[in-house]
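Good morning, and thank you for the time. I would like to take the group through one protein chain, from its overall form to a few individual residues.

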Amino acid sequence: MGVETWKFSELKFPKPDLRVLKDLYADAIERVEQATSGADVMEIIYEANEIVRKVTDLLTVTFIHYTMDTTNEKYAEDQRWVDENQQHFVQAAIEFNEALYRSPYKEYVEENLGSMYFAHLDIQKKSFSEKNIELRQREAELVEEYKQIIASCSMELNGEERSFMTLQNLLYDKDRDLRRSAFREFSRFLAQNETRLEEIWDELIKTRNKIGQNLGFENYIPVAYLERERLEYGQEEVANFRKQIVEEIVPLCSKLYEAQAKRLGVEKFMAYDEKIDFPKGTAHPLGDKEYMINKIFGMFREMSAETEEFIDFMNAHELIDYQDRPGKAEIEYSTTITSRKAPFVFSHFNGTAPGVTSLVSALGHAFASYRASRSQMIEEYYSASSDIMEIHSMSMTMFANRYADRFFGDDAKQYEFSNLQELMTFIPFGAAVDEFQHICYSNPEMAPKERTLTWRELEKKYMPWRKYDEDDEFMNRGGYWYHKLHFFGYPFYYIEYCLATVNSMEMNRKYVTHPTSAWKEYLAITDIGGSEGYLDILKLANLTPAYEDGAVKQSISYVKEVLEKYIETH
């Protein structure tokens, strides 16, 4: 068999005729109802998956093209078409799934595909209603408008026009005056758009709550838990996890930032100081952007035979978009083109220390998808729930600390410390994001200014070190959260980052002390994909559910020790 030589730029997926798609599903449903054996039903499922694969690949590639150049009108129109028609595709799939539920051969299918197959179908069934199609379309329109507002950012600073992401990147600059100016422009841009951002958020809450009510729930929160595939824990467990964060992680972070303020020599530690760990700035790269990219690829080739195979595949098929250019969406992600079993990484790599961490994280996601797509029989299992998938990516960033000298030379220890501190100090912010969303969706009639004040109170609870300039009225009354896409586009996602970070710290401890066995456990949870439930996947790597009493303290213990030792000696 010859080596495939295709490249992403050559892929083309024609828009499917939805009427034909509906007819194909109708035929598949009739065949399921007339099937005389479980083997017949399995054959129909595999054939239906071919239909699904073509459509999902179209949706994926359309999204990738659009994010590559949001100014391209054809790409924008294609994405609008997807937003308008995606729910019709979902509806057709749901009707097919209903036929599988009714089939007398359901147990045979479950024996062959595993219990998670019908668990996934059950999620689709419980979270879909034809009444919600127009609401989902409106939801997509609102999210797109939010993205366009953020993408429109062009603030002048020191004679240069700065995008939203550029302003945030400047918060890593060693020049405090520049950081402060960048933060003020960042704040000013959000304040200029506050009225419309308030309106979008308000309508999103009401739209999503209506979606939940149409499905028989009080509000959107239970729907979000379904969509996030939280089948083995709920709001009570998440609240217990947040409680442990306040008890165990917030005091540690306060200690870390107190030490950071002393290193920086600032009396009043401000929000625009949080990302700059050392007076000289972040760890200094040994080379330019291309040099650092080559070092990252080299690390993956050296880390293991499995990662070498993966990174060579990604490069051969041009599946890593890391170059900045006008019109490129200011987001980062990893997705998968299922028919090719091909992950795709979308990044804004700038060659800096934070850039290295971000790209390695995305490649960790992609590596897990690459492995699962080659070990699992159906595409439903090519990825797991987000609380598992984030373990893959965050663990990879910590594994990469072993190679830090290749990127940063004498600054390797500084990079490792900064990487671990950023992971630790992120957790309280993520918990605040989660609690804020629970409050907003539970209290949809809150006035916009009440919401922002609520955010400010949560900052004081989870991030008591955070201070803003006295004359920054917008931030002082709670406007900071408006910049985070996840509130608008990926509701209730953020706590997965926190759960996974805690588990990744547990994984990192094992990787440092017993790298061979830890790597085997890591491969086990990538290869399993989504074919098992959350708790069973954690067991494969001997990881503790982070929401259990005492789990946070135990899981972060090694990283906490490393961080505390560093600040005591530096």
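Predicted model: local features only at pLDDT ≥ 70, side-chain atom pairs only at ≥ 80, totals over all residues.

Residues are numbered from 1 along each chain as its sequence is written, and side-chain values use heavy atoms, with hydrogens and water left out.

The protein chain has 25 helices and 5 strands; these are DSSP runs numbered from the N terminus, with helices (H or I) of at least four residues and strands (E) of at least two. For 570 residues, a compact globule would have a radius of gyration near 25 Å, and the 24 Å of this chain agrees with that. That radius is taken over C-alpha atoms, and the globule rule is 2.2 Å times the number of residues to the power 0.38. Along the principal axes, the C-alpha atoms fill a box of roughly 75 × 55 × 50 Å.

Of the 570 residues, 59% are buried, where buried means under 20% relative accessible area, exposed over 50%, and partly exposed in between, with a 1.4 Å probe and protein chains only. Among contacts (heavy atoms within 4.5 Å) with a separation of 6 or more, 77% join residues 24 or more positions apart.

Let me now turn to the interior. In soluble globular proteins, nonpolar side chains tend to be buried together. A nonpolar core here is a set of buried Ala, Val, Leu, Ile, Met, Phe, Trp, Tyr and Cys residues joined through side-chain atoms within 4.5 Å. The largest has 162 residues, and those touching the most other members include Trp-201, Phe-241 and Met-424. Helix H17 (residues 412–442) supplies the largest share of this core, 14 residues. A second, separate core has 34 residues, among them Leu-21 and Trp-81. Leaving aside residues up to four places away in sequence, Met-424 touches Ile-249, Met-505 and Leu-563, among others.

Finally, the backbone. Most residues other than glycine have a negative phi. Lys-341, however, has a positive phi near 50°, and lies in the loop between strands E4 (333–337) and E5 (342–346). Asn-542 also has a positive phi, about 55°, and sits in the loop between helices H23 (534–540) and H24 (551–555). Are these residues buried or exposed? Lys-341 counts as partly exposed because its relative accessibility is 31%, whereas Asn-542, at 52%, counts as exposed.
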